[in-house]
Amino acid sequence: MASAKIKKGDSVVILSGKDKGKTGTVAKVMPKEGKIVVEGVNVAARHRKPTQQNPQGGIDRFEAPMPISKVAVADPKDGKPTRVRFEEKDGKKVRIAVKSGETIDG
């Protein structure tokens with residue numbers, strides 16, 4: 001289920017779930033699991049007991065991985081979700097936003 005269409009550092013739009021419509025930057029891509037981590041999106045909370053390393057304890061908040069299928073690359077022109085296609089320019093394979101035809105830097 002590997003997909004090179006979304007890479008670390010890309011701006012993406014969430015398509016479904018509790019964070020639908022939000023945009024964020026890709027922090028990590030896990031192609032073997034088909035998952036992605038987006039900064040500030042899909043934040044999970046874990047209640048931690050006090051330990052010797054963390055005597056205070058408390059609530060840990062972190063971005064949980066989510067399925068790649070729930071996100072789409074944001075169009076560089078208007079920020080709306082778009083599909084990605086590949087073209088060869090000057091002998092290099094580049095990603096192009098299908099909606100606007102703009103090149104996606106990354």
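**Exercise 1. List the contacts of Val94 beyond its neighbours within four places in sequence.**

Solution. Contact means heavy atoms within 4.5 Å. Step two: leave aside the neighbours within four places in sequence; Val94 then touches Arg85, Phe86, Glu87, Lys89 and Thr103. Step three: note the basis. This is a predicted model, in which local features need pLDDT of at least 70 and side-chain atom pairs count only at pLDDT 80 or more, while totals for chains, interfaces and linings use all residues. Residues are numbered from 1 along each chain as its sequence is written, and side-chain values use heavy atoms, with hydrogens and water left out.

**Exercise 2. Place Val94 in the fold and decide: buried or exposed?**

Solution. Start with the strand. Val94 belongs to S10, residues 92-97. Strands here are DSSP runs (E, at least two residues), numbered from the N terminus. Next, the burial. The relative accessible area of Val94 is 19%. Buried means under 20%, exposed over 50%, partly exposed in between (1.4 Å probe, protein chains only). Val94 is therefore buried. Last, a distance. Ile104 lies ten residues from Val94 in sequence, and their C-alpha atoms are 7.6 Å apart.

**Exercise 3. Work out the strand order of the six-stranded open sheet.**

Solution. First, the inventory. The chain has ten strands and zero helices. Then the order: S6-S3-S2-S1-S7-S8, with antiparallel pairing. Two strands pair if DSSP finds at least two bridges between them. The edges are S6 (66-67) and S8 (81-82), each pairing on one side only. Now zoom in on one pair. S2 (residues 23-30) and S3 (residues 35-38) run antiparallel over four bridges. Met30 faces Lys35 of S3.

**Exercise 4. Compare the chain with a compact globule of 106 residues.**

Solution. Take the radius of gyration over C-alpha atoms; the globule rule is 2.2 Å times the number of residues to the power 0.38. The rule puts a compact globule near 13 Å, but the chain has 17 Å. Check the box. Along the principal axes, the C-alpha atoms fill roughly 55 × 25 × 20 Å. Check burial. Of the 106 residues, 30% count as buried. Check the contacts. Among those with a separation of 6 or more, 39% join residues 24 or more positions apart.

**Exercise 5. Tally the charges of the chain.**

Solution. Lys and Arg count as positive, Asp and Glu as negative; His and the chain ends are not counted. The tally is 23 positive and 13 negative side chains. Place each charge at NZ of Lys, CZ of Arg, CG of Asp or CD of Glu. The centres of the two sets then lie 7 Å apart.
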